[in-house]
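Work through the exercises below with the model open. Each task is followed by its solution.

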Number of protein chains: 2
Amino acid sequence: MTVNRRFLLWRRPQGEPVPEDFELVTEPLPELAEGQFLIRNHYASLDPAMRGWMDDADSYMPPIPLGAPVRASTIGVVEASRAEGFAPGQWVMGLNGIEDYSVGTVGGFTQPIDPGLVPSVTNYLSLFGAVGMTAYFGLFEVCEPKPGDTVLVSGAAGAVGSIVGQLAKIHGCKTIGIAGGAEKCKRLTERYGFDVAIDYRGKDEAALTAEIAAAAPNGVDVIFENVGGIILDAGLANLAMNARVGLCGLISEYNSEEPVGARNLWRLIVKRASIRGLLVADYVARFGEGAAKMGEWAAQGRINIDEHVDEGIENAYSAFMRLFSGSNQGKMILKI
Amino acid sequence: MTVNRRFLLWRRPQGEPVPEDFELVTEPLPELAEGQFLIRNHYASLDPAMRGWMDDADSYMPPIPLGAPVRASTIGVVEASRAEGFAPGQWVMGLNGIEDYSVGTVGGFTQPIDPGLVPSVTNYLSLFGAVGMTAYFGLFEVCEPKPGDTVLVSGAAGAVGSIVGQLAKIHGCKTIGIAGGAEKCKRLTERYGFDVAIDYRGKDEAALTAEIAAAAPNGVDVIFENVGGIILDAGLANLAMNARVGLCGLISEYNSEEPVGARNLWRLIVKRASIRGLLVADYVARFGEGAAKMGEWAAQGRINIDEHVDEGIENAYSAFMRLFSGSNQGKMILKI
């Protein structure tokens, strides 16, 4: 008998998630109602934002209910269908859960995808998915870089940051990336084309501020912020006049009970600069446009796609925690 | 013999300024070179921003040099002149210092003013000066309120905040003001027309957050921020979708060695909101436009102008410190 292994949120994490916050259960396959189809999930996207969904807090999306599978973008194949437009064998992508099988509904978030259009079907979770679209629309629509601008990216070796750096470079900007460790910094310059890589490890805010200042003597025109805390403050200390900060994420705070926040807001006044929050969901209607540009640049060899695939739903916890330890290189994906 | 009493910055304040940071000296009148004119200062504007100029820090203006008079906007009368266009008896306004006499230069910041155009010449330091123009351009250009929007103003009983509230009301917005103490809150609703007044005294961030939420059940579309710290964080916790925060000042932090900052930046992502720093200096070329609108509304009795005038250069320190204790009601002015 085929069963459904499901990685459930069992308890709301306090600070850093621990294995006991989750439970891997085995359940019978769900039954399909009219208009539904059964998805065999092959890959799940693991993203920092999922940590926020585990909290019982008002956000842009409801919290993951306790006892429900951890919400994630997944790619899979239709296994059975009572829904028009979704036939068995069809590849699909949607916001489902970390589980072998999910039920899709016509009109829901799950959409057909064509694996023939991309080098690997998993690219729908990286360059051509929310990650790539976050980089594309976040950089170009929210940060509005001009050619010649200096663009600072934090979390620059991460899934979004590494793409942002490459897009800014294509756009004719000088790019400075911040990442943790010598190996990642080497990747920033050698693989993602950053002009300067800054290793934040073991440095306080003053040291980071000085290092950014040395790399950007005229200040930074754009910050693409994924991290927050002292890294954001060091960036704010180096703003150029009329600079734009796109606030994409605050991973340094997701597991802390007490956020550090930003203490250099005064610099926004001095430099007439702005911080704006961005969410990729606002650009869903324009994903086609973004994916077309990405596909073009990827085909020209101007964007490197990196994916880190861990295997096995039983490793969901450890794979997810790589996002916070930074032990992944590239978009974190779980092969279920 | 006529002498020049000058209120000098003697030492850089550590945290809250103390009397020993300043020195009142008596010097001979300055001599005029060709192209210069002598201003007898009658009124000096006292503003929170001056605290920042006392620090030796990179800002939008150089620090006040030690041993120089405390920089301030002043209004006075030309006493002697070797400059074309500035005749004795002419009223002028400019960025000078807290001193009996300043030297103006043709092409500098000092400009002629016409006291016949305003109810009181001091209005050039309040409604028709930097304070009024900060409110006008900060609200309309940076915060972009729409009629029907809910506008939250911190430091709402202050010189800028009280005008912002009145302008937002004229514009058809719902206005919520935050101030310290029952008396000020009474002024907010009775004199400045705020729909709701919130007294921040004795309340923590959670209590303030709840009180704002009760006043703005659909969230705040605009925050005009003068204060920072937990007041800003409580505002951020109540942002409506696509809200705009105009960051005008952070008076809660000007005397603290370690800024508190903003810890609710995550809300910017959830609500796709922005914080933008504003400085009135960017709008100098458009002051005529702003002053004309202000004059119209004032003549219609739609804006109340409040000024708190302390007398005597020997009281410069205590008058300045009212800005931080909040013991003034209206624009703080020193009659020299």
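**Exercise 1.** Find the residue of chain B that A:R276 stands opposite, and describe the strands around this pair.

Solution. A:R276 stands opposite B:S274, which lies in β13(B). Next, take the strands: β13(A) and β13(B), residues 274–277 of chain B, run antiparallel. Three bridges join them; strands pair if DSSP finds at least two bridges between them. Strands here are DSSP runs (E, at least two residues) and helices are runs of H or I (at least four), numbered from the N terminus.

The model is predicted: local features need pLDDT of at least 70, side-chain atom pairs count only at pLDDT 80 or more, and totals for chains, interfaces and linings use all residues. Residues are numbered from 1 along each chain as written, chains are lettered from A in the order written, and side-chain values use heavy atoms, without hydrogens and water.

**Exercise 2.** How much area do chain A and chain B bury between them, and which residues of chain A lose the most?

Solution. The two chains bury about 2,700 Å² (accessible area lost on being put together, 1.4 Å probe, summed over both). Carbon and sulfur atoms hold 61% of it. In chain A, A:W266, A:I269 and A:R272 lose the most, together 23% of what that side buries.

**Exercise 3.** Count the salt bridges between chain A and chain B, then locate one.

Solution. The count is four (a Lys or Arg side-chain nitrogen within 4 Å of an Asp or Glu carboxyl oxygen). One of them joins A:R272 to B:D282, with the closest N and O atoms 2.6 Å apart.
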